[in-house]
Amino acid sequence: MSREALCATVAPVSVKALCAFGAKAGDLDLRFVPAPSAQEGMAGHALVQGRRGEHYQSEVALQSECGALLVRGRADGYELQSGSARVEEIKTFRGDFDAIRGNHRALHWAQARCYGWMLCEADGHAAITVALVYLDLASGEETVLEELHTREELQAHFEDLCGRYIAWAEREGRHHAALADLLGALAFPHGAFRTGQRELAEAVYRAASKGHCLMAQAPTGIGKTLATLFPLLKARAAGRVDKVFFLTAKTSGRAIALEALRLLERQAAAGGKAPADPLRVLELTAREKVCEHPGRACHGDACPLAKGFYDRLPAARAEAARAAWLDRPALRRIALAHEVCPYFLGQEMAHWSDVVVGDYNYYFDGSAFLWATMKEREWRAALLVDEAHNLLERARGMYTAPLDDGALEEAHRAAPAAVRGPLARLHREWGALQEAQQANAVDYETADEIPERFARSLQAANTAMAEHFAATPDAAQGPLQRFFFDALHFARLAESFGDHSVFERTLGPNGSRGLAIRNLVPAPFLEGRFADAASAVCFSGTLSPFPFYRDALGLPEDVAELDVASPFSGRQLHVEVAMDVSTRWRDRAHSLRSVAGIIGSQYARRPGNYLAFFSSFDYLEQACAAFVARHPEVPVWSQTRGMPEADRQAFVERFAVGGRGIGFAVLGGAFGEGIDLPGTRLVGAFVASLGLPQYNALNEITRERMDARFGKGYEYTYLYPGLQKVVQAAGRVIRTEEDEGVLHLLDDRFSRAEIRELLPRWWEVRLGGQGGQGGPGRGDDARR
């Protein structure tokens, strides 16, 4: 490739990005210091700029060319008076000025010197004063550091930074050009698409090409992951997107995505020769799961992988880019070879990877890393939201902020004298807030607003804690810091409090008290995230009715919808409704004999492995005991509360090929989705519930809010989420086009036409007989 072609591939770069790449040095240092908010930073800049004289210019737009680079930025302040020039870079802070990290100061100086050169070049200065102005937000006082530099010194500094970046950018240009050729020629790895795969792949490509959102419901077994990744890689080759973010709810989803990407990688290498510049794939993993020194703080004085991190980062970054495949083991190997932190090497490589696989929270959380980086770098990122039905509850959790009274008391005991007073006042306001609730012994209450006195006392406590941590960044992480983080999260959500959430007050056992901002409808928080993406595809085996998920998740009104027909047929799955069983709460005790009878009769007709799902652990335990008493000869195993990972794995391994027994599980739990038991590993399932969420005060408030917003409160709160869990659980039975099995729906409400209308179209539902004796070939035909 010619140098001209390479230069054409290098995008303009900001001064901030240029310096972040080449000017950071020294230790990684994440000792907590409360950072000013964006609003506080802007106000601080305005304060300093307003103090300057008539010859002072604010926010001066600048640009400079260096080889293939066009560097752009905006100087905070520029003063030209009596033949002398001065440029200012303004930074705001809280606490002790001497606690500002060395690597931060190096970055600030680099930015200021770049602006110094750009002004020398633009206005012909032979020398210029470069100043760092640090504004203490608490006192309003300025600390000013100055250097006088010649034009030649600043030019050398600027060209050195640009030289490092150009060398990297040219490599990136070669990578992008080679990758476009590679992906342009990429063929679907299986030759022929499975039934439904082509339809899904074409819809995903259209969404990426037009910059739209897509909701796709596609059955298990067609290869949804491959059918969504393949077209987006083709769209990347066509220049429609810059990056692909594959977002999952569970670790198992990440593993499936990585497996599909490996398959595509092998397809690209078909012909016996691996591509010289392959697709770069990065797996992001939570920090606590990859930390090499748990319990140590993230700074050079405590962790050897933080010591000199930025000095060793360039070599680690270069090797990681060459490796291209950066799943968790590969990233760890490279990081440890260069003695840098694996987690933060992963954060760095997100800038230089083509596909990033990670959890939902990396994009949708309030402080989401991928979303913030995408916005800053102006990437055109395409989202793939795997098993998107899970995003509703996950997002509710992201935008819920609980506070625990016991945690406040621990924080108060650990606090220094200056912080104890504000925390004590917060405790008194908290007590007054729940005094009437305690007197009336009401366990749960909600309100439509956050009391102003409590909000003010929380803000005062947060200010006091922020000042403490700013002044003592080396303070041990403990109960005070943990409560501070919780209180900050609460305060941030309080700023956007609205009818999508409620203010919650709870009384627990032994006098414990809790407050929370509880999110009910995450759409107002998520809609901007979907809008910011170049395209977004939400896909799942259970994503209907589409209007429910569109409204609850904040997808746009014009989102495209695709319901892929199942490759399975009614002959593969015998679905029967038990007409004489009611699993309503008042009827559960009376249902046990019938439920045990149906399970026992089905097992006797066709011994094999079965899953039986129940609405709660209490109901599960009662049903299991009733079944064992009646059929002691049948092997059984049960899900338990708080089941450890090893026990969950053992539970699944009991479903051996050709095995026999009944696994009892909770509907909507760990075994209701995400496990694959094809063939004789699972020959049938029993679902003893409609899966409706519990009738309680919170769900009733949710129903009211959903009704006010969307006009379907009962359906959006109870019916649709419940049946989604039923269909997910039932989906464990038929996994391939060769599987055959049975499904017993153990509740008479499944016979209602409006309920059956919400079940998969390919099911052929029969209304069964009486007394737990219904089975294949019996009952009235109620096909849909």
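Biologist: Which residues in α20 meet which in α21?
Modeller: Ala523, Leu526, Glu527 and Phe530 of α20 meet Asp551, Ala552 and Leu553 of α21, where contact means heavy atoms within 4.5 Å. This is a predicted model, in which local features need pLDDT of at least 70 and side-chain atom pairs count only at pLDDT 80 or more, while totals for chains, interfaces and linings use all residues. Residues are numbered from 1 along each chain as its sequence is written, and side-chain values use heavy atoms, with hydrogens and water left out.

Biologist: How does that contact divide by class?
Modeller: The contact of α20 with α21 has five nonpolar, no polar and two charged residues, with Ala, Val, Leu, Ile, Met, Phe, Trp, Tyr, Cys and Pro counted as nonpolar, Asp, Glu, Lys and Arg as charged, and the others, Gly among them, as polar.

Biologist: And at what angle do those two pack?
Modeller: Helix α20 (residues 523-532) and helix α21 (residues 546-553) pack at about 90 degrees, with their axes 7 Å apart. That makes α20 roughly perpendicular to α21, a label for angles of 65 to 115 degrees, whereas under 35 counts as roughly parallel, over 145 as roughly antiparallel and the rest as oblique.

Biologist: What about α2 and α5, how do their axes cross?
Modeller: The axes of α2 (residues 15-22) and α5 (residues 151-184) cross at roughly 80 degrees and come within 9 Å, and these helices are therefore roughly perpendicular to each other. On the α2 side the contact is made by Leu18, Cys19, Phe21 and Gly22, and on the α5 side by Phe158, Leu161, Cys162, Arg164, Tyr165 and Trp168. By class, the residues of this contact divide into eight nonpolar, one polar and one charged.

Biologist: Are α16 and α19 oblique or perpendicular?
Modeller: Helices α16 (residues 405-414) and α19 (residues 479-495) pack at about 130 degrees with their axes 8 Å apart, and they are therefore oblique to each other. Their contact is made by Ala407, Leu408, Glu410, Ala411 and Ala414 of α16 with Pro479, Leu480, Arg482 and Phe483 of α19; seven of these residues are nonpolar, none polar and two charged.

Biologist: Changing topic, which residues lie on the covered face of β13?
Modeller: Ala401 and Leu403 form the covered face of strand β13 (residues 401-404), and Pro402 and Asp404 the uncovered one.

Biologist: Which strand is β13 joined to, and by how many bridges?
Modeller: Four bridges join β13 to β16 (residues 513-519), and the two run antiparallel; strands pair if DSSP finds at least two bridges between them. The bridge partner of Pro402 in β16 is Ala516.

Conventions
Axes fitted to C-alpha atoms, helices over the stretch in contact; angles between N-to-C directions. Buried < 20%, exposed > 50% of the residue type's maximum accessible area, 1.4 Å probe, protein only.
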